[in-house]
Amino acid sequence: MMVLILQLAVLAPLTVALAYQCVYFPYPSPLVRRWLPPRKRWPESQIRSWLKSGQFQRAFLGHFYSDPERVAPLGNSLLAPADGLVTSADVRDGICYFVIALSFWDMHVQRSPTAGKVLSVHSHGDDFMDGEGREFAFLREKACPVQKRLVIAADCGQVAVRLITSIAARRIETWVREGEEVERGQRIGRILLGSTVVLELPAGTKLLVRTGDRVWAGETAIAEGFSAP
């Protein structure tokens, strides 16, 4: 009798676990989800299904809207304005377009790459439908881009930060205004859902990271301090 009870005690949770796996297939069961890394916890196909339905798991939203504290490294190096993967650093007409692609699992708050004064905060796109800048690498994959472009004047020159998303999302928050002084690594905005962040630098700026590197907003030094032309 005792053996039977022990067998049932073992089989019961296994049966429950199997039932959960069947119900949630092909996505992770709630019984194991919390121990998985974000990319496996919430597979891309599942997130895209939520985009269509508008229904998201609360735990995923909690992860997506996370805004951890960051400590800027000492020095005057330019910092990454966003978490993500460096996808290109094309130079055109004297400007280096340093492109960071954010995934669904990246932190989506953007930070200032340098201390300085905000010269302008502009929206780009006529009714969110024009192709402004479409010939550049950072818009080749985006139909109907929506953008906010922040220009910051530092002691050593100017940089611009483009916050870009698509017509499917449209939602970009900017938390600084024209004329405001910002600190190096300060929060400047947030893009909701899939997004790209582009840092515009003088063409001669010496980069400290390469295409394919992963960077973190307000923490990763991506370029040396530059001089005004």
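A115 is partly exposed, with a relative accessible area of 32%. This residue sits in the loop between β4 and β5 (116-124). The chain has 229 residues, and 41% of them are buried. Its elements are 5 helices and 13 strands.

**Around A115**

- Setting aside neighbours within four places in sequence, A115 is in contact with A153, A154, V182, E183 and R184.
- N76 is 39 residues from A115 in sequence. In space, the two C-alpha atoms are 9.0 Å apart.

**The chain as a whole**

- The chain exposes about 12,500 Å². Carbon and sulfur atoms supply 56% of that area.
- Take the contacts between residues at least 6 apart in sequence: 66% of these join residues at least 24 apart.

**Confidence**

- The average pLDDT of the chain is 79. A score of at least 70 is reached by 71% of the residues.
- Over residues 126-134, the pLDDT is below 50. This stretch still has 20 contacts in the model beyond near neighbours in sequence.
- Where pLDDT is low, the predicted coordinates should not be read in detail.

**Strand β10 and its partners**

- Strand β10 spans residues 187-191. β10 is mostly covered, with 4 of its 5 residues buried.
- Strand β4 (residues 109-111) runs antiparallel to β10, and 3 bridges join the two. Within this pairing, Q110 stands opposite G189 of β10.
- Strand β8 (residues 172-174) also pairs with β10 in the antiparallel sense, over 3 bridges. Here E173 has R190 of β10 as its bridge partner.

**Strand β11 and its partner**

- Strand β11 covers residues 195-202 and is mostly covered: 7 of its 8 residues are buried.
- Strand β3 (residues 95-102) is joined to β11 by 8 bridges, and the two run antiparallel.
- In β11, V197 is the residue that stands opposite I100.

**Helix α4**

- Helix α4 runs over residues 44-53. Its buried residues are Q46, I47 and W50.
- Seen down the axis of α4, these buried residues fall within an arc of 100°, so they line one face of the helix.
- The cover over the buried residues of α4 includes α3 (38-41) and α5.

**Salt bridges**

- The count of salt bridges comes to 10.
- Side chains of opposite charge can pair when their charged atoms come close.
- E44 and R48 meet in a salt bridge through their side chains, at 3.0 Å from N to O. Both residues lie in helix α4, 4 residues apart, about one turn of the helix.
- E44 is partly exposed, at 37% relative accessibility. R48 is partly exposed too, with a relative accessible area of 41%.
- R187 and D67 form a salt bridge between their side chains, at 2.8 Å from N to O. R187 lies in strand β10, and D67 in the loop between α5 (58-64) and β1 (78-79), so the pair ties together parts that are 120 residues apart in sequence.
- R187 counts as partly exposed, at 24% relative accessibility. D67 is partly exposed as well, with a relative accessible area of 28%.
- A network of salt bridges links D67, E69, R111 and R187.
- K206 forms a salt bridge with E224, and their closest N and O atoms are 3.7 Å apart. K206 lies in the loop between β11 and β12 (214-215), and E224 in the segment after β13 (221-223), so this pair ties together parts that are 18 residues apart in sequence.
- E224 is partly exposed, at 36% relative accessibility.

Methods: Residues numbered from 1 in each chain as written. Predicted model: local features only at pLDDT ≥ 70, side-chain atom pairs only at ≥ 80, totals over all residues. Heavy atoms only, no water. Buried < 20%, exposed > 50% of the residue type's maximum accessible area, 1.4 Å probe, protein only. Pairing = 2+ DSSP bridges. Salt bridge = Lys/Arg side-chain N within 4 Å of Asp/Glu carboxyl O. Contact = heavy atoms within 4.5 Å. Areas by Shrake-Rupley, 256 points an atom, 1.4 Å probe, with all protein chains shown as cover. pLDDT = per-residue confidence, 0-100. Arc of directions from axis to C-beta.
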